[in-house]
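Dear colleague,

I am passing on the structure we spoke about, and my notes follow directly below it. Please read them with the model open beside you.

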2 protein chains.
Amino acid sequence: MSFEEITPSEFFYRNRDLAGFTNPTRSLYFTVRELVENSLDSCESKGIKPELFVSIAIDGSEQQEEPRFYDVMVQDNGGGIPRRHLADAFGRVFYGSKFKLKQSRGMFGLGVTMAVLYGQATTNRPAFVASSVSGQRYYGYQLKIDVEKNRPVILRKFEGRAVGWRGTLVAVTVLGDYQRAESKIISYLEQTAMAAPYVTMIFRGPRGEDLRFHRVTDFMPKPPHEILPHPLGVDIEMLKKMIRAWKDRGDLAHFLTRSFQRVGGKTVQKLLERIDIPGSMEPGKLSEDQLQGLMSAIKSYEYFLPPDPSGLSPLGADLLEAGVRRMLNPEFLTISVRKPSAYGGHPFTVEVAVAYGGPRLKPGITVFRLANRIPLLYDESSDVTWKVLNNMDLSGYRIRSEHPIGVIVHICSTRVPYKTVGKEYIADRPEIEREIRLALRDAFRRLRVYLSRKETMAYRKKR
Amino acid sequence: MSFEEITPSEFFYRNRDLAGFTNPTRSLYFTVRELVENSLDSCESKGIKPELFVSIAIDGSEQQEEPRFYDVMVQDNGGGIPRRHLADAFGRVFYGSKFKLKQSRGMFGLGVTMAVLYGQATTNRPAFVASSVSGQRYYGYQLKIDVEKNRPVILRKFEGRAVGWRGTLVAVTVLGDYQRAESKIISYLEQTAMAAPYVTMIFRGPRGEDLRFHRVTDFMPKPPHEILPHPLGVDIEMLKKMIRAWKDRGDLAHFLTRSFQRVGGKTVQKLLERIDIPGSMEPGKLSEDQLQGLMSAIKSYEYFLPPDPSGLSPLGADLLEAGVRRMLNPEFLTISVRKPSAYGGHPFTVEVAVAYGGPRLKPGITVFRLANRIPLLYDESSDVTWKVLNNMDLSGYRIRSEHPIGVIVHICSTRVPYKTVGKEYIADRPEIEREIRLALRDAFRRLRVYLSRKETMAYRKKR
Ligand SMILES: Nc1ncnc2c1ncn2[C@@H]1O[C@H](COP(=O)(O)OP(=O)(O)OP(=O)(O)O)[C@@H](O)[C@H]1O
Ligand SMILES: Nc1ncnc2c1ncn2[C@@H]1O[C@H](COP(=O)(O)OP(=O)(O)OP(=O)(O)O)[C@@H](O)[C@H]1O
Ligand SMILES: [Mg+2]
Ligand SMILES: [Mg+2]
């Protein structure tokens with residue numbers, strides 16, 4: 001019986017299907033999405049109107065049958081990556097800047113590293129990454145991943161004058177099947193533009209296809225910002241970690257009000273009364289029993305205000321409408337934006353659009369799922385939105401199977417509860433389920449009004 | 001912009017819902033399953049008839065409402081864990097003995113560590129683990145996990161005379177909801193006994209419930225054994241790793257025949273001819289280009305025998321029948337065992353049972369999914385078996401919605417392609433889909449014969 005320890009890169013190399021990289025079709029798609037999502041996160045977090053260039057080119061001969069090698073390249077005008085982090089960002093699993101309590105597309109610290117890993121495993125090619133933070137100089141590396149050690153191996157270094165370009169460029173060569181992946185990749189770009197109508201993207205396909213998504217608005221939603229943890233989202237392990245990070249900056253009362261959201265002086269008093277611990281104690285000196293007591297007091301306290309949603313950045317009704325109109329050009333469109341809610345200490349908002357008719361929608365219900373502005377195109381039937389729709393009686397809204405209806409659901413949160421590492425679909429948390437259902441009911445009611453009016457007009461015309 | 005690296009334990013602590021530990025109901029279930037699966041793996045790999053004692057006890061007052069703290073304990077008569085690995089096995093993520101190419105329930109090296117982590121985070125209690133390999137002495141630890149460093153923290157050590165007990169005992173305290181989880185936990189134990197009728201399990205529930213599953217056979221299937229990788233399952237990263245492990249044990253021709261299954265002298269000759277590399281070369285001396293060439297030669301070679309299934313250990317028709325009879329006691333039962341097949345270089349077999357009637361089955365189709373003898377009880381509708389069933393026209397087999405039918409599908413493989421870290425359901429690989437469909441058709445045809453005979457008898461009786 002021989003025991004081993006494997007590194008995170010080794011784990012995700014062997015089990016890359018857990019991250020979505022199952023076959024060449026899906027993997028080509030996932031490569032594009034991981035790169036695009038990083039670029040958009042970077043631009044938005046800096047309040048920069050995103051301009052992305054996405055290209056997929058055949059690497060080698062077009063005579064070769066699918067699957068074949070493709071060079072995938074994404075260049076953005078975002079904030080760039082500082083040189084000291086550049087190689088690790090792409091060459092280490094679980095390395096990143098998005099482990100905070102803040103709304104962003106990325107959250108796991110492994111997306112782009114998976115693309116590099118997949119490319120390396122299927123084509124043996126290094127990745128090329130270059131970035132400029134200053135706009136004056138850029139730095140670049142040709143690198144591979146040492147899968148056994150979970151660290152980058154730099155093969156070549158580059159640097160030069162950036163001539164005003166600030167941002168990041170990533171190029172990987174992967175085994176892909178563009179013929180099968182094309183429609184999903186194009187849908188992904190379209191829905192990305194729908195969710196973010198302030199984005200300009202140029203897409204160059206393998207046969208020279210030139211697809212442009214020009215931004216339809218200069219208005220950008222406020223960037224999300226980091227929030228403090230909410231007491232209901234904290235367990236004893238986190239509490240201990242927060243106390244370690246606090247060191248000796250102040251007493252327990254200060255620690256509680258400064259480290260948590262929704263914990264003010266009065267709340268601290270009430271909490272500490274219950275467990276008979278003085279607010280003047282040093283947090284680091286609390287015994288295990290006292291920590292447990294504090295944790296139970298927090299868990300049983302019923303008067304916390306709900307998690308603060310001010311750090312979230314929803315699309316908002318106008319932007320969502322503009323995006324959906326642009327993509328679907330429907331005959332009828334209604335928006336339903338819910339007030340913020342929360343699950344497990346994490347704030348979230350649900351925004352829904354229901355569209356009817358127009359040149360793009362086919363008969364039946366087409367669902368568009370967006371989470372933190374990421375279009376989710378796989379595993380629809382496992383997703384919470386699908387579950388909600390299946391449990392609704394749509395005939396009650398005069399909806400018939402021949403009606404061409406689009407249902408767009410956007411959820412944004414400090415933490416989207418994906419069920420998989422590949423962010424394919426969202427778990428059915430009851431709070432989220434409820435918000436989606438209420439938003440849909442609201443939108444479907446207005447659709448019903450429209451449909452009945454439409455029928456009445458059609459009826460009158462006949463007579 | 002601040003970059004961090006997080007450890008695997010930190011990643012899975014924050015994202016423990018990826019491993020199935022979402023809420024107290026599910027987490028209590030997952031705690032039981034991770035422990036039971038480890039015990040069964042250990043017994044079977046040593047050819048020991050498993051005897052498991054599983055207990056769930058309320059920790060604290062029964063007055064307390066759900067969710068509450070539960071002490072979950074599993075003790076087995078397996079092979080035990082050597083002392084030097086004992087703490088790491090339970091206190092490190094990505095540490096284990098099942099990273100090989102061999103059929104087993106475990107595969108990720110994190111299952112039981114997740115249970116310890118979840119327990120620690122929700123109850124602050126340490127885990128207790130004890131094991132005896134010799135049957136003479138046992139060693140035990142009370143331990144916690146250092147989440148930031150991904151390593152165990154030993155709080156207390158124990159050792160003593162094992163008095164003939166060989167095996168492992170694991171006890172964790174977790175926040176659970178037994179009321180909600182009970183039916184799933186009982187189903188899990190029942191289906192475990194169905195998949196492994198040579199197992200004896202005693203279950204003690206929180207109110208003193210005593211549930212016993214006595215083995216109905218002393219016959220155990222041969223233990224699975226490790227196999228060499230198949231050329232079609234290897235990519236260049238693995239090839240390089242295998243060459244490193246080979247060191248200087250022989251030339252390239254020897255390396256190929258000894259490191260791969262289905263590669264004999266003739267095959268080596270044909271492969272090396274295509275790329276003009278002599279078999280006498282040292283593998284470590286191959287250049288990048290030569291490695292690439294070898295990889296393409298392997299990928300395009302069409303005459304490899306399919307992956308060797310001899311390492312697999314299917315249930316077999318007799319054992320599957322015994323298990324299903326015991327659990328469902330159906331009026332009619334038919335078994336369909338497929339010949340081994342393969343996906344991505346991994347051999348697998350599909351074994352199916354279709355049951356009709358009896359005291360346990362309700363009207364409609366109840367699906368029982370088993371993978372490497374693990375009952376899969378969550379996310380049924382996302383699973384490949386469900387997809388296959390939905391695409392079949394069951395009325396063509398005279399199956400009507402009031403018929404009480406059980407469909408049991410067991411897949412065993414050197415690598416089950418789960419879609420999630422929590423092993424909730426299986427991805428729809430086309431080869432697997434096909435085997436399930438053919439097995440089901442076969443079984444449903446025999447069910448149709450039975451159903452039509454039944455109708456004829458009923459008709460004659462009436463007259
Ligand atoms: N185009 C980019 N512009 C700026 N920073 C980037 C870019 N691409 C990657 N990064 C940086 O590299 C880090 C690692 O990226 P990676 O995709 O692996 O993880 P992530 O985006 O944090 O999380 P996820 O795994 O969910 O995508 C990011 O956190 C970000 O800081
Ligand atoms: N009851 C047991 N008897 C013998 N060995 C055990 C037992 N429980 C755990 N182990 C050992 O500890 C290791 C780690 O267990 P863990 O459940 O974390 O991972 P795994 O079973 O290898 O994979 P998975 O994450 O898929 O369950 C196992 O590989 C096994 O060697
Ligand atoms: Mg990312
Ligand atoms: Mg395990």
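In this predicted model, eight strands of chain A form an open sheet of mixed pairing, and their order across the sheet is β7-β6-β5-β8-β3-β2-β9-β10. The edges are β7 (151–161) and β10 (210–213) of chain A, each of which pairs on one side only, and from one strand to the next the twist averages 15°. Within the sheet, β2 (residues 51–58) and β9 (residues 200–204) of chain A run parallel and are joined by five bridges, with Leu52(A) standing opposite Met201(A).

Two helices of chain A deserve a look alongside the sheet. Helix α4 (residues 111–123) packs on the sheet, where it touches β3, β5, β6 and β8 of chain A, and its direction makes about 40° with that of β8(A). Helix α5 (residues 178–195) of chain A lies across β2, β3, β8, β9 and β10, running at about 170° to β9(A).

Ligand 2 lies between chains A and B, and 24 residues surround it, the closest being Ser97(B), Met107(B), Leu110(B), Gly111(B) and Lys423(B). That shell divides into nine nonpolar, eleven polar and four charged residues, and its largest share, four residues, comes from α2(B). As for polar atoms, oxygen atoms of ligand 2 lie 2.9 Å from a polar side-chain atom of Asn38(B), 2.8 Å from one of Lys98(B), and 2.8 Å from a polar backbone atom of Leu110(B). Taken alone, ligand 2 exposes 590 Å², of which the protein buries 98%.

With best wishes

Notes: Residues are numbered from 1 along each chain as its sequence is written. Chains are lettered from A and ligands numbered from 1 in the order in which they are written. This is a predicted model: local features need pLDDT of at least 70, side-chain atom pairs count only at pLDDT 80 or more; totals for chains, interfaces and linings use all residues. Side-chain values use heavy atoms; hydrogens and water are left out. Two strands pair if DSSP finds at least two bridges between them. Axes are lines fitted to C-alpha atoms, for helices over the stretch in contact, and angles run from 0 to 180 degrees between N-to-C directions. Contact means heavy atoms within 4.5 Å. A residue is near a molecule or strand if one of its heavy atoms lies within 4 Å of it. A polar contact is a pair of N or O atoms within 3.5 Å; within protein, one must be able to donate a hydrogen and the other to accept it, and residues adjacent in sequence count only if both atoms are side-chain atoms. Accessible areas come from the Shrake-Rupley method with a 1.4 Å probe; for residues, only the protein chains shown count as cover. Ala, Val, Leu, Ile, Met, Phe, Trp, Tyr, Cys and Pro count as nonpolar, Asp, Glu, Lys and Arg as charged, and the others, Gly among them, as polar.
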